[in-house]
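Subject: Structure handover

Hello,

Here is the structure we talked about. Please open it and keep it in view while you read my notes below.

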Amino acid sequence: MTTAEPSATPAASAEATVAPGSMRVFLTIWIGQLISMLGSGLTGFALGVWIFDQTGQATPFALTVLFGSLPRLLLLPLAGSLADRCNRRWIMLLSDSGNALVTLVVLLVLNVGDLQVWHIYLLAIFGSIFSAFQEPAYSASVVMLVSKKDLGRANGLLQMGQALESIITPLLAGALFVIIGLRGIILIDFVTYFAALFTLLIVRIPQPKVEAAAKESKNTLLSDFTFGWNYLYNRPGLFGLLWYYAMVNFFLNLSSVLSGPLVLSNHPASVLGIVQTAAGIGMLGGSILLSAWGGPKGRRIPVVIGFIALAMLGPIVTGSGAHPAFITVGYFLLLFFVPLASGTSQAIFQSKIAPEAQGRVFAVRSMISRSIMPIAFLSAGPLADHVFEPLMRQGGLLAESFIGSLLGVGSGRGIGLLFILCGLLGIFASLLAYLNPRIRLVEDELPDAI
C-alpha cells in the first residue's frame, strides 16, 4: 500500500485518494497510541484512588467523568468537520501534543503546591477537548489504511489496545505509586505521549477526496453538522441503531462510573486493581477473538445486539454481592462482550458510510450515541449517595425486604442494586432494538459504500 500524502497544506492533502491495502501503517499508529494510552491509564488509576481517599464519596468520581466527556460531546461536530476537510494526521498530532501539555501542567502543579480535586476536573476538561479532535480523525483514518476485509481485525486491535491498558495499568500503578509516587506516574504519562507523536511523524495517512460541492460551499460548522445528521436521519436503520446505543450507554455509564466507589467502599485499592485487571483480561479476550475471527461474515446486526445483551449480564453479576468475586466476574463478562459488539458495529458503519463523509457522520454518530451520557454522570453520584445507598443501609427502607436479604445490606449495597437495575434495563432495550425491523434489516436495506 502506498502511504504517500502531499504535505504542502491540509487543503492540498485533502485531494489525495489512495486505496487502502496492508495494515502496516495502521499497526505503526496503533502501537504509538497504545503506549500513550498505557501512560494515561497509569495516571487515571492513581488519580481515581486519590480522589476517593480525599473525599470518600461517589459524586466527585462521577463529576470527573462528566468533565472528561461533556466537552468532547459538544465539540464533536467541529472535530468531525475538520477530520473530513483537513489533514487527519496533523489533527492527531496536535491533539496528542495538547494532551501532553495538559499532563505537563498537572506535573508542574504537583511540584509547586498541593493537588486539589478541582485541578483534576480541569485536567479532565482540557483532556476531553483535545480528545474530541483526535477521535473522529483516528476513526475516519482506519478505512483509509486497511482494506474492507480487514476492518473487523483492525477494530479488534483498537479494542485490544483498551484491553491491554485495563490489564497493565492497574497492576503497574499500584506498584509505581509506592515506589515513585503520583509525580513519577504523571511524569511517565508525559513521556509516553512522545511515542504517539513519533509514530505519527513517520507515517502518512491517505486523505479521501473532498466532494466538489463541499469545496464550493462555505463549509460552515452548521452545514457540516446538518450534513452528518441528515446522512444518518435518511438511513432510519442506522439512525435507530444509534439511539439504541444511546440507551445502552446511559445504563452502562450510570453504573460503571460508580465502579470505584463500589469496590473502595468495602475493599482496599489493591482489590480495585485486581477488578480492573480482570476486566482488562476480559476485554483482551474479546478483542483477540474479534481480531482473529474478523467478525461475522453474514448479517451483523443480530450479532451486535446479542453481544450487547450478553454484556449487560455483567452489571447484574457485579451488583449481586459485595465479595470481590462478584465484581470481578461481572466486569470480566461485561468487558469480554463489549469489544465484540463495538468492533462489529464499527465495521457496519465503516462499510455503509462513504469514506469522504466519515469524519462528519462519525462525529454526529458519537454525539447521538453519547447524548444522554452526561445525564448519567450527573445523576449517578446523587442517586448513589442519597437514594440507593440509604435504601440498603442498616435500617434503610429495603434493608429488611427480600432485596435486602438477597443482596445484603451495608456500604456499597445500594450501588450494587443500581448496577442490577441498569443491567436489566439494558437487556430490555436490546430486545426492543431487535424487534425494530428498520434496525434489524439495515444491512439488507443499505448498500455498502466501500
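Bear in mind that the model is predicted. The crossing of H11 and H16 is left-handed.

Which residues make the contact? From H11 come Leu238, Leu241, Leu242, Tyr245, Leu252 and Ser256. From H16 come Tyr331, Leu334, Ser345, Ile348, Phe349 and Lys352. By type, nine residues of this contact are nonpolar, two are polar and one is charged.

Next, the core. The largest nonpolar core has 120 residues. Phe26, Ile29, Leu232, Tyr244 and Phe349 have the most contacts inside it. Helix H2, residues 24-55, gives the most to this core, with 12 residues. Now pick out Tyr244. Leaving aside neighbours within four places in sequence, Tyr244 is in contact with Ile305, Ile308, Ala429, Ser430 and Ala433.

Last, look at Phe377. This residue sits in helix H18, residues 373-391. Is Phe377 buried or exposed? Its relative accessibility is 2%, and buried means under 20%, so Phe377 counts as buried. Residues up to four places away in sequence are not counted here: Phe377 touches Ala62, Val65, Leu66, Ser69, Asn253 and Val257. Also find Ser255. Phe377 and Ser255 are 122 residues apart along the chain, yet their C-alpha atoms are separated by 9.3 Å.

Best wishes

Technical notes:
Residues are numbered from 1 along each chain as its sequence is written. This is a predicted model: local features need pLDDT of at least 70, side-chain atom pairs count only at pLDDT 80 or more; totals for chains, interfaces and linings use all residues. Side-chain values use heavy atoms; hydrogens and water are left out. A nonpolar core is a set of buried Ala, Val, Leu, Ile, Met, Phe, Trp, Tyr and Cys residues joined through side-chain atoms within 4.5 Å. Buried means under 20% relative accessible area, exposed over 50%, partly exposed in between (1.4 Å probe, protein chains only). Helices (H or I, at least four residues) and strands (E, at least two) are DSSP runs, numbered from the N terminus. Contact means heavy atoms within 4.5 Å. A crossing is left-handed if the near helix is turned anticlockwise from the far one by less than a right angle, and right-handed if clockwise. Ala, Val, Leu, Ile, Met, Phe, Trp, Tyr, Cys and Pro count as nonpolar, Asp, Glu, Lys and Arg as charged, and the others, Gly among them, as polar.
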